[in-house]
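Hello,

Here is the structure we talked about handing over. My notes on it follow below.

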Amino acid sequence: MSSSDARKDSPAQSSGVDVPRQEGLGVFDRVPTHPSREEDLSTLAQAAARVGYWTWDLTTGVVWHSEEQYRIHGVAPGGLGHSVEDYLAFVHPDDRPHIEEGAAAAASGDTTPAEYRFVHPDGGIRHLIGSSALVKDRFGRAQQLVGTVQDVTEITRARRGLADALRQVAAYFDQTPKSAYLWKREGDDFYVRRLNKAAHDLWGARAPDVLGFSASEASVHVPGVLDDLRECIRTQQPVTREISLDSERLGQRRLLVSFVPVGPDAAVAHSEDLSPLLELARREEQASAQLAEYFQRVPTPAYMWRSHDGTMVLEASNLASEAVTAGAVTDFVGTTADEMYAGRPDIVEDLQRALAGETFTREMSYEMRSTGAMSDLVVTYVHIPPDVVVVHTRDVTRQRLTEAALRDSHEAARGVLDACTQPIVLCDLEGRILECNDSAGRAYGMSRRELVGRVAFELYPEELIAGRRAAIDEVVRSRKPVVVEDEHDGQYHRARVYPLTDGSGSVERVVVYAEDVTEERRAREALVQSRIRLEAAQRIGHLGHWDLDVDQGELTCSDELYRIFGLDPSVPASLDDFLDRILPEDRERMIAALRGALESGRRYDVEYRLRRPDGSLRFVFEQGEVTSAKPGARTLAGTVLDITQLKQAEQSIRDRETELSTIIEQNPDGICLIVGGRISICNGTLAGLLGFSKDDIEGRALHDLMIPGDRERARARGRMLLEGGRPEPSEYTLIRRDGERVPVEIYGAALEFRGEPALICTLRDVRQRKEAERELAESRDVLRALTQHLESVREQERVQVARDLHDELGSILTALKIDLAELRARDAPSHPELMEQMHELVDQAIEVGRRVTTRLRPGVLDDLGFAAAADWLGQDLERRTGVRARVTLPDTDPDLPEPVATALFRILQEAVTNVIRHAEADSVDILLEADDVSVSLTVSDDGRGFDPTVRRRGGFGLLGMEERVRPFRGRLDVRSAPGWGTTIRVSLPSTLTTRTN
């Protein structure tokens, strides 16, 4: 392959990276080869450490990859190509731009490690970390990039998984509806280090006021806090107790406080305010007592039936029912409806109908057990959710016979109304009040007499009227009770509207039972929100809970527990269903823990594995204890935490630590970890490099192993890195055990190791590289001297050729022209046209000879000096191209040595040639300046300019100028930018001061 073909296909050029070229060295004809030095050992080390490496020859653009590099990328040897552009095809499209920028930066000396992704042939996305080092010659020119690539996919995933788990735990702590404090032990006391929003809402304390608060101070307000914390940490078991609190802000409160250990010196305190629950229970008990009192005072027979799995059982009856049952009230309590009404299936059906939610009244004939006589009864069935039916039985036989009985019944009903604490109103279908009780009068701020006759809708707020009217319309339409709930000024009201029908079954009046349900509504909403937050917290934290009624065998589980075990929450599961999911080798241990808790009453915690229906394996941690939710009943309750991600993260970290240890030990470079200024860990490579054992090195300071002149610089470098300085490789000299001095390149970086600042250092033996650099520098010096010698010889040949053309060929052509002129004057030729043509050809030959002579070596340079030659070159530029040339010369022509003048003239020629070929300029300024010690030449144009940092392929103009300046220790400055023209300035000493080569 020719050198031009190699340049065209160079991957370094195609990737947009500036790579220096050298003419005549044959570098483009090289075949990519891998250094054979320690080849087998390097290959084995890469395979063991799973670290691939590559080399990029910046002179040829060829990239070589190691065998491990191909294995990491999952391709066959040679599948990554031999150019940067070939390799970029494997990089993830989103990361490709910054890798291209990194390649260009690395070629310029910036070897910052880069993390990127690539698409593996199996379709997965893999993460890599690449590092590189730039190899330069002794003149600072980039020659080669050497780099390593490590697959960090698993480490990246493990870090993300662990970070997600920590965020979930923190989110659960902050979002749990219970008040939570994190106590941290310091000495003999505990201090608050964190609290959540629920704690702020409960206690009304700001975080800055509470953080740092000690348990000793808290014990003044809540006795026993410090002792509970110590017991919790000592036993590593939760401590729970109820405390009574009387504070100015909260008043009298009953709190349930639980201390849960979260490590050897920390615990989380959960506080739950039991006062609202106790108050709600007290109100429910009071309401139940009022209902029972009302129930017993009803003058007509009344029965309370409760459903037990669909079977109606008599739970209570009032004193008036003895007239029907012909026995004591308690004689029939516990009797089923089928037993009590064996001959009346219609009554059993009515009970089931009422249980379904329908409240209705019907008349029936019933044989009274007390008298044996048939009586006409009006029976009302009232459903009290969820499973109670109250049956009011009214004997209307006597009412129909006597008016007095009717009055007595009316008075009895009035007594029932007045005894009821809820407002009760009897209205017609227009909403006019026909009757009400005293509670209704108190509710509306009027007497009962004032209310009767008024339209009830006039008493309601305007926004509630439409809903109440619609309720009455619905009762008339359906002849069924309707319940309406509405809100006004933050208060919630419930109205139960019952129909009263005439003999034809049409609704003629309605009874409205009204009650204030604000507290009930708020308690219910708070309970719902609490359950929603609890479920969300469990879902986020993968925490499920369950409780088992040991005596009844009833198991209640949260939805998250079903999800952890892979079961459907909509399908009830038994304890055996959950146990069957546990792996056989862990199941017996779990069953033994359950039995032990039941027998001893002690709390247990156990970790086990389970298999989901989809085949996935999960790790869980379960805690449980025996509680007594009801008097005389035993309940086993527990929580189950899915710790699969934590287990996977722990295993991944252990695997990564093992891999990292192997990589460090097998790395061909010496590696050590410095903590507190001493070597804590080092690999065998470093020990072998220094001739010591690892035990001899560990515990010593790295700078103590250096020559005295490098020690202070190494200490300063270490301090700079620990203070956040940028990691960069530096060269130092180490002293082996046998006294030999070893030059090394050390790359250090700061990190945190077990909570302390540390340095990780990589030490590379550069003895062979130094020797190679020395040999390369000597070779370059020889080549440069040869180039300078050839240029000098070429310039002498140009002078000789120009003189020969001028002296010999010029003399011959001049003599020929004189002879032709004499021939034409002496004897008129027979062919005048041919004679004229010969004269013209001789003139052209003389002109060509003069032009060739001038190009080879203009005579004005040798005869009149460089200043005149520069002026002549500017005029020639204007004459040949039309580009306006302004030449500015000093008042006195500098007397320059011939080598200096020749070098300046050739540089000016090259600059003018570049203007003609590339600049598209309208004008050129040529400025010559000189003093006693130096001479400078400045060439500026107003052309299109270019980027000096990007060299054109195959362009050697600027390189030639640099080589002409170098022997004189001169300086070449090129300033240009696209669209802003170009300025080239050359400074040389005015006396010949070349180097001796």
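**Helix α11 and its surroundings**

In helix α11 (residues 225–235), the buried residues include Val 225, Leu 226, Asp 228, Leu 229, Cys 232 and Ile 233. Buried means under 20% relative accessible area, exposed over 50%, and partly exposed in between, with a 1.4 Å probe and protein chains only. Seen down the axis of α11, its buried residues fall within an arc of 165°, so they line one face of the helix. The arc is taken over the directions from the helix axis to the C-beta atoms. An α-helix has 3.6 residues a turn, so residues three or four places apart point the same way. On the other side of α11, Asp 227 and Arg 234 are exposed. Gln 236 follows α11 and has a positive phi, near 55°.

Before the rest, two notes on how to read this. This is a predicted model: local features need pLDDT of at least 70, side-chain atom pairs count only at pLDDT 80 or more, and totals for chains, interfaces and linings use all residues. Residues are numbered from 1 along each chain as its sequence is written, and side-chain values use heavy atoms, with hydrogens and water left out.

**Overall**

The chain has 34 helices and 35 strands. Both are DSSP runs numbered from the N terminus: helices are H or I with at least four residues, strands are E with at least two. Of the 997 residues in the chain, 38% are buried. Contact means heavy atoms within 4.5 Å. Among contacts in the chain with a separation of 6 or more, 47% are between residues 24 or more positions apart.

**Cores**

The largest nonpolar core has 36 residues. Such a core is a set of buried Ala, Val, Leu, Ile, Met, Phe, Trp, Tyr and Cys residues joined through side-chain atoms within 4.5 Å. Phe 866, Leu 904, Leu 908, Val 986 and Leu 988 touch the most other members. At least two residues each come from α32 (866–881), α33 (898–919), β32 (923–930), β33 (934–941), α34 (957–965) and β35 (982–989). The largest share, eleven residues, comes from α33.

Take Val 986. Leaving aside neighbours within four places in sequence, its contacts include Leu 904, Ile 907, Val 935, Leu 937 and Val 965. Apart from this core lies another, of 24 residues, among them Trp 546, Leu 561, Ile 564 and Leu 636.

**Aromatic rings**

A search of the whole structure finds six aromatic pairs. Rings of Phe, Tyr and Trp (its six-membered ring) pair if their centres lie within 6.5 Å; planes under 30 degrees apart count as stacked, over 60 as edge-to-face and the rest as tilted. Tyr 498 and Tyr 513 are edge-to-face, at 5.2 Å centre to centre with 90° between the planes. Tyr 498 is in strand β19 (residues 491–501) and Tyr 513 in strand β20 (residues 507–516), 15 residues apart. Tyr 498 counts as buried at 19% relative accessibility. Tyr 513 counts as partly exposed at 27%.

The rings of Tyr 562 and Phe 578 have centres 5.6 Å apart and planes at 65°, so this pair is edge-to-face too. Tyr 562 sits in helix α22 (residues 559–565), Phe 578 in helix α23 (residues 575–581). Tyr 562 is buried at 7%, and Phe 578 is buried at 6%. Ring pairs link Tyr 562, Phe 565 and Phe 578 into a cluster.

Two arginines lie over ring faces. Arg 353 is 3.7 Å from the ring centre of Phe 360, and Arg 700 is 5.6 Å from that of Phe 692. The cut-offs are NZ of Lys or CZ of Arg within 6 Å of the ring centre and within 35 degrees of the ring normal.

**Strand β15**

Six of the eight residues of strand β15 (residues 388–395) are buried, so β15 is largely enclosed by the rest of the structure. Strand β11 (residues 302–308) runs antiparallel to β15, joined by five bridges. Two strands pair if DSSP finds at least two bridges between them. Trp 305 has Val 389 as its bridge partner in β15. Strand β14 (residues 374–384) is also antiparallel to β15, with eight bridges. Val 382 stands opposite Val 390. A hairpin of three residues joins β14 to β15.

Best wishes
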